[in-house]
Amino acid sequence: MALTTYVEAIRQGIWEEMESDQRVFILGEDVGIYGGAFKVTEGMLEKFGETRVIDTPISESAIVGAAIGAALLGMRPIAEMQFIDFISCAFDQITNFAAKNRYRWGAGVPMVIRGPSGGGVHGGPYHSQNPEMYFVHTPGLKVVAPATAYDAKGLIKAAIRDEDPVIYLEHKYLYRRIKEELPKEDYVVPIGVAAVRREGRDLAILTYGAMLYQALEAADVLAREEGVETEVVDLRSLLPLDKDAILNAAKKTGKVLVVHEDTRTGGIAGEIAAIINEEVFEYLDGPVLRVTAPDTPVPYSPPLEEFFLPNKDKILKAARQLAAY
Amino acid sequence: MPRVEGTTLPASRLEDEDMPAPDDALLLRMLHSMKLTRALEYRIERKLYRQGKIVGGVYVGRGQEAISVGAAVHIRRGEGEDRDDIVSPSHRDMAVFLMQGVPPERILAQYMGRSTGLTRGRDGNMHMGDLRHRIVAFISHLGDSIPVAAGCALTFAMRGTDQVSFCFFGEGATSRGDWHEGLNFAAVRRLPVVFICNNNQYAYSTHVSRQMRVGRVSDRAVGYGIPGETADGNDLLAVYGRVGRAVGRARRGEGPSLLEFVTFRMTGHSAHDDAGYVPKAEFEAWGRKDPIERLQSALLRRGLVDRPALAEMEARIESELDEAVAWAERQPYPEPEECLEGVYDEGGPGAGGGPQGESEAWR
C-alpha cells in the first residue's frame, strides 16, 4: 500500500469530509485555481466547484468573519490561512467573535481555521511562527497540532465535525518529510487525547508537532547510551489538554521534560509544569524542565534559526540533567 | 489586462429605480414600532438605569428610530430557514429586535442581567442575539459584524436562495479594517447584503469630521464598485424606499449596496455620558427633525390617524411596558455556577450549554 504524506493526509481528510457532508467548504487565499500555497486544496476546485472552494481577497478578517457567518447558518467552513503567521490579522474575529458566540448567546460556531505553522524551513519571522498560545489562552477555542500523517487526517476530520471553532496547526516542516500507511476506512482522532509514542519508566518528554521527532531521536540515544528509558508523549491537542496523560506520565516517571518549538515565556510548557506541580507534586523526583525556543522572533539565517529551534542535542542535554536527579 | 465581468463597474446610485412605498397599515405599524422602541429605551435609560436596576453600559438610539424601523420592516421572516433573512444589528437598533419578534420583557431581562435575558446574564445591554429570531449578536469591536454578515450572505448564495443579510453599523465603524474587508469581500462575490450605515455624526465624542476625510460614508462604496447612496435618516419613507430597493437588488442576485442614513444621536454615547461636547444648537436643530414627530405629523395631515388614536397607541405601549418591566424584575439572576457552562458544546440537540440550547421554559 502506498505511503501517504502528512500534507496529503490533510488533503484527504478535507476531501472526504467535503464528499460526505455538503455543508463543508473551504475558503482562503489561492485555494482554488492554484490549489493552495502548499497544495493542500489541489484538485478541489475541479471536484467541488467554485461555490465550495472559494478564492478570497487577501483579507484574513473577512475570511474568518465570513466563515463565522456561514457556520452560524449551519455550514461547516474551513478557513485557510496561507501561512499561519497571518492569523494575527484575523485575531479579533477569532478571539472575540468565534470563541465567544456560544457562551454569550448560545450560537455555536462549528468551523476550522487551519494553516502551516512552525519553522525549520528558513521562512524568517513571518513564515515560521508558532501562534498556539494566543489561542490556547482563549476559552471557547480548541487548538490541535498533529505530528503524524495518521493524526493529521484524523484530527482534521474531528475538527471539521466538531461543534466549536478549532484552530488546526499543521507543521509545514512535516508536510512532505513524514509519511505512513493510512487506513482505508474512515476514522477520526479525538480532540483532547494525547498519544504515547514511546513507553518508558525513567523520564517523560511531553511534546507535539515537529518536536516529536527530535524527542524520539533523543529518547533513542538515552536508551542506547545511558539505559534511560524515556516515555514520549505526543500531546496532539493543546486546548483542551489531555490532563490525564500529562499526570500519568508524571506519576509513572517522576521526571518530566516539556519540549516545544514555540517561544519560552507563556508557552504551554509553563502551563503543563503548573498542572503537574498542583496535582502530582508528591510523585516528582526533580523539577519539570523545559526545552523551548528562546524569547525572540523566529530568525531567518540558517545558523540563527538552528540556534533558535530546539533539537535533539538540546533535548538530550536537558534530559540528562533531569535524569541525574 | 483582461476584465472580469462585474469588477470594473463604477459605483452607481439607485436613483433610477422606483422606490417602494408602504401602504397605510404598514405606515401605522412602523409608527408603532418607532414609538415602542423609544418608550422601551426611555424606560431603560431614564428609569431603570437611574434607579440602579441596570448596571453597566446603556446605549440608546433616540432620534434614530426611523433607520432601524424603515430597514427592519423589509426583513423577511416567519417563512422557514431557507426563506428567512438574517440581520446583524448595531447597538442602536433596538427596533430591529422588537420587529424580529423579541418581546420587550426579554430585552429588559437582558439589560437587568437576569437568567431570562437573551444571553442569560453572560453579556449586557444590546450585546444580544438569537438565531431563532434571525439576529446575529453585536459585539463591542466595531465593524466586526460586517464580515460575519457577508458570511451569512455567502451561505445564501451557496444555497442558491434569495435570502438577504442585513447589516447595521455606525459611521465610526467604517474606520475599522474589518468593515473594509467585509465590504470588499461581499462586493467581489456579489453577495446579497444590505449594508446600512446609521450616521449619527458622533462616535462617542468624536465628530464625523475627525473620523473620515470623505464627505459621505456612501462615497466609500466607490472603492468597492458597489452602489452607495445617502439619504435623510430621520425620514422614515426615505429609509423605507432606499432599503427596499437595495433588498430588491440583493434578492435578484445583483450584489450588495451601501446605504447611509444621516441622523443625529440625541443623547450621549451611553447613559453616563452627558454629551457636553455636542453644541446645544445641534441638539435643538435635530430635535426639530425628530423622525417620530415627522411621521406622526404626516399621518395626521393625511388623516390616517387622529390624536385620540395616537393617545391610545401610546397608552397601550406604556401599559405593555409596565407589565414587561414587572415581569423582568421578577426574573431570577443566573446561578453563579452557570458562569462555567456553555463555553463549549456540551452535547444534546441544539448544541447545549448556551442560551439557545436551553429548554423552552426560560424563553
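Student: Which strand of chain A gives the most to the lining of the largest cavity?

Tutor: Strand β7 (residues 166-171) of chain A does, with three residues. Helices (H or I, at least four residues) and strands (E, at least two) are DSSP runs, numbered from the N terminus. Before we go on, this is a predicted model, in which local features need pLDDT of at least 70 and side-chain atom pairs count only at pLDDT 80 or more, while totals for chains, interfaces and linings use all residues. Residues are numbered from 1 along each chain as its sequence is written, chains are lettered from A and ligands numbered from 1 in the order in which they are written, and side-chain values use heavy atoms, with hydrogens and water left out.

Student: How should I read a cavity, and what surrounds the largest cavity here?

Tutor: Rolling a probe the size of a water molecule over the atoms shows where empty space is left. On a 1 Å grid over the protein atoms alone, a cavity is a set of points where a 1.4 Å probe fits but cannot get out, and lining residues have an atom within 4 Å of a point. Points are joined across faces, edges and corners, and the volume is the space filled by probe spheres set on them. One cavity of 30 Å³ or more turns up in this structure, and the largest cavity holds about 100 Å³. Its lining has 14 residues, with A:Ser117, A:Asn130, A:His171, A:Tyr208 and A:Gly209 nearest the centre.

Student: How many residues of chain A does chain B contact?

Tutor: Contact means heavy atoms within 4.5 Å. By that rule, 48 residues of chain B touch 39 residues of chain A. The two chains bury about 3,400 Å², 63% of it on carbon and sulfur atoms; buried area is the accessible area (1.4 Å probe) lost on putting the parts together, summed over both. On the chain B side, B:Met158, B:Glu181 and B:Tyr344 lose the most area, together 19% of what that side buries.

Student: And how do I read salt bridges?

Tutor: Side chains of opposite charge can pair when their charged atoms come close. The rule asks for a side-chain nitrogen of Lys or Arg within 4 Å of a carboxyl oxygen of Asp or Glu. Two such bridges cross the interface of chain B and chain A. B:Asp123 pairs with A:Arg104, their closest N and O atoms being 2.8 Å apart. Inside chain A, A:Arg76 and A:Glu163 form another, at 3.1 Å between the closest N and O atoms. Because A:Arg76 lies in strand β4 and A:Glu163 in the loop between α7 and β7, this pair ties together parts that are 87 residues apart in sequence.

Student: Which backbone features of A:Asp30 and A:Pro240 deserve a look?

Tutor: Most residues other than glycine have a negative phi, and most peptide bonds are trans. A:Asp30, not a glycine, has a positive phi of about 65 degrees and sits in the loop between β2 and α2 of chain A. A cis peptide bond joins A:Leu239 and A:Pro240, with omega about 0 degrees, and A:Pro240 is in the loop between β12 and α9 of chain A.

Note on methods: On a 1 Å grid over the protein atoms alone, a cavity is a set of points where a 1.4 Å probe fits but cannot get out, and a pocket is an open set with protein on both sides within 12 Å along at least five of seven lines; lining residues have an atom within 4 Å of a point.
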